[in-house]
Amino acid sequence: MTPIVTPLNHLLIAVSICAGLATMMVASAAPGDLDRGFNVQLGPDEQQVFSIAAQSDGKLIVGTATGGVFRANLDGSRDGTFTFAALPIIPVYDVTVTVDGQILLDGVPTADPARRTRTIIRLNSDGTLDNTFATQFDPGEYVRSFAPAPSDKIVYFGEISQDGVGISTHLQRLLKNGSIDDSFVEAAGERTTHIWSLAVLPDGKVLVGSDNNTSISGQKAALLRLNHDGTVDASFHQSTLLDLPPFVPLISSIVPMADGRIMICGPFSGINNRPWSSIARLFSDGTLDTSFSAPPMDSNVSSVFVQPDGKVIGVGAFNQAGSSFRKRIARFNRDGSLDEGYAASGFDYTSIKTSAMSPGGQLYISGATVLPNGQITGFVYRLESGDFEFGPPVFDTTLTNQVRLLGQNLTLQMTVCSVPSASYQWRYNGAEIPGATNALLTFTNLQYQDGGTYILVASNTYGSATSSPVHLLVNAAPILAGSVDPTFDVGNNFNQGVAALRLDGDKVLSAGIQSSPGGPVAGQVIRLNPDGSADGSFNQGKGLATAGNLTTLELGNGGTVFIGGYLTGVKGKARRGVARLNGDGSLDTGFVPGFTYFGAAVSSIVPYSDGGALVAGCFNSSCSLGIVRLKTTGAIDDSFAATLGFKPYTTPKLGAQKSGKIIVAGPDSNVHESVRRLNPDGSIDSDFNILDLANNSALLDTISLCILDDDRILVGFSSAPKVTQLSAFRSVLRLDAGGQIDTNLNFLGNVASLCALPDGNFLVGGYSDVTRVFSNGVKDTNFVCQTDGAVNALAAQADGNILIGGEFTKVNGVPRLRIARIFGKEHASPPFLFGPFLSVGGFELRIPTVTGYTYALEAADAVNSKAWKLLATMAGDGSYQTVTDAAPGASQRFYRVTVK
């Protein structure tokens, strides 16, 4: 068994935990009212409270503008056991309490006459200065945000001098003694000054909240997770991009929850083009938890807190939460709906400077208020949270039994409410799992031995509770040719359609259409990693949005990329019909196509080694100019003398033979459906046998073209025209290098795309499927790939697997949004054997079985015997089954199980 108890980003069954410590206080008023049992008296020089933080026992650390720090008891009185002394910083901008009770402070050193430097100091739990901690911040260096990390380390972001060369922004980690931790290496790439919030997870990974312009390792995202060494954690889902202009502090606060999920808040209005306002809850892998949806706020939410019962409090500059008046403070239920029973009242204030929450769920706020005489004075208030129900833990939900395939990942997670907080222990088949002591149990690379019964025991001081059992079955299933490769998933990168795919080494370039909700439709180019995730080095991981719809792309010389379609602009620069991109996805400004027609459209591109390209499409109002060669600058090459025009609103295709001659397929201006060949200078090649289908009653507008390695030509049609030379209808024609029709090929079916395979077979992308066709035109019935939309693009990998793109949302019933990878051949899954078990009942084995397969137990006297005897058979049904030899007999016997 290989359970791992840190959150991962696969098959997450995610629900919330509402657990926490509660102080034994009885609410005397409604939730949100001023707690009259808490009264902090501020001195004359303490009227500005800049920072507060609650300890684990509910006492409050208060930092002031004058540099003083004191600790308040549960009733607000001063804690006389806490040393109150002048500190070497003034004011105290931020205060944080570590797990072991030490106190971190951020402020301006009193010895800094310019008052520019901001440093970090550490206090012992009694308030005395911890002299074992000594930071080395030079004049002008400036700490912007920090967070305690495991092993008494501190992660911080600020303007730092590195290697004595100027002041620039850096994210660094301090050791326990305050020195720089050299093992925390900043991720390569540009950093801006716009990291606004930090949080360190229990495992030491770091969450970084920034804006859409901050780049780390080439990835621009408003929320990133860093590994222990400071590099970007690629397993954290990059779909948490928040769509607002750059340099806006999108994430004001990050709060890791006990169950591994993450609360964030800020002035954002959308996540991944999806309207989402001010507060969001994410799963531990960074994907949006849509089960929490708060009402829109009329202004920013600057801080967010999670109570022990799972309710969420937001504090900020707002006055409205949805249609309800909520001045600066609002509480939300566990599903994000507004808690109508919580309305902060019973006190007046001018502003809230800072806020904190006790482990028991009481909200502390500090700021300024107006006295009856009009004088403005500082305050520290505590608000009633409402009564929590104390008692043993309660499980809110029951998980269903789980059936997973060998090698998959799985996370089991329970919903537990517990006040006070609970401790956890997972059990496997009744035995405790070492280290499995939180509410999540995560498996990576599931094995057969992981199958069994799992329960979670939750305990607190009032008692314990046991979850209902979860039965896990790990099965092997045959992987059929044409089935979806589960290791490749693009997520939601395309929500309209994919028109073209090209392999770029082990990565994939994809072009198509994408639109935001309520927004304009735009062409989209994305480069994908081998697992389908967006390549962070290509236009900062988000892909490239263009003005217009894209229909084609090709790899150019030196890593460049040509894109074409109904294109009018890229990145604010006018580009008619075609554009060239650099290898990182940025616009190549040295290539400006020389088209003046506002409706110019490109349907096919053939790149040249000099950086130029041959393009086909429509370049004037009549489309009489149909093929143009562009120089490396994009200027039209007048020496290329093509005279072919095309039928308007069609998509002619180009292909290059090894000789440099050009194959052209598409309806010409005389509405003939034809295939022709041009010489390298653009003139008609009279040696090529022109294929003319003009006598068909239905003219075809969609043609697919593929040039084989031996210069033969495959051409496909959206519906089957009648071929005069064959006196028959054909959907795919194969021509030799000179244009003669191969009469041996016989294929009928709708064609949206074609792809040649190295073995002489080929693939046909249709409007609801992908078909593999043998060289003689016979369909391969062992290859099954059904889609719910057209397959416009195909690309065959070197390993035999196949990439498909189009307008589908499912492939063989598996959700795949417009792009998928399918297996090119069937993968057999050998059976796994539990045992053996030898008892008075004989010899037996347990086997996880797959429906539709037959399993046989055989025996022989020697392992290399050719005379294996059949003892028993059983039909697979998706469960564990037992096969038995009731009478082993011989003193030595060998057994094996076969599957068919």
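A salt bridge here is a side-chain nitrogen of Lys or Arg within 4 Å of a carboxyl oxygen of Asp or Glu. Keep that in mind for the tour, and remember that you are looking at a predicted model.

**The whole chain**

Start with everything shown as a cartoon. The protein chain has 73 strands and zero helices. Of the 900 residues, 53% count as buried.

**Salt bridges**

The structure holds 30 salt bridges, and we'll visit a few. Select Lys59 and Asp79 to begin: their side chains meet in a salt bridge, 3.2 Å from N to O. These two come from distant parts of the chain, 20 residues apart. Lys59 sits in the loop between β3 (49-54) and β4 (60-64), while Asp79 sits in the loop between β5 (69-72) and β6 (89-97). Which of the pair is buried? Asp79 is, with a relative accessible area of 7%. Lys59, at 21% relative accessibility, counts as partly exposed, because the cut-off for buried is under 20%.

Next, pick Asp181 and Lys153. They form a salt bridge too, with the closest N and O atoms 3.2 Å apart. Asp181 lies in the loop between β11 (165-174) and β12 (197-200) and Lys153 is in strand β10 (residues 153-162), so the bridge ties together parts 28 residues apart in sequence. Asp181 is buried at 6% relative accessibility, whereas Lys153 is partly exposed at 22%.

Move on to Asp339 and Arg331. Here the closest N and O atoms of the salt bridge are 2.8 Å apart. Buried or exposed? Both Asp339 and Arg331 are buried.

Then select Asp504, Lys507, Arg527 and Asp535 together: salt bridges with shared partners join these residues into one network.

**A sheet to finish**

For the last stop, colour β71, β70 and β73. These three strands make an open sheet, in the order β71-β70-β73, with antiparallel pairing. At the edges are β71 (869-875) and β73 (894-899), each pairing on one side only. From one strand to the next, the twist averages 20°.

Zoom in on β70 (residues 854-860) and β73. How many bridges join them? Six, with the two strands running antiparallel. To see where they line up, select Tyr855 and look across to β73: Val899 stands opposite.

Key. Residues numbered from 1 in each chain as written. Predicted model: local features only at pLDDT ≥ 70, side-chain atom pairs only at ≥ 80, totals over all residues. Heavy atoms only, no water. Pairing = 2+ DSSP bridges. Helix = DSSP H or I, 4+ residues; strand = E, 2+ residues; numbered from the N terminus. Axes fitted to C-alpha atoms, helices over the stretch in contact; angles between N-to-C directions. Buried < 20%, exposed > 50% of the residue type's maximum accessible area, 1.4 Å probe, protein only.
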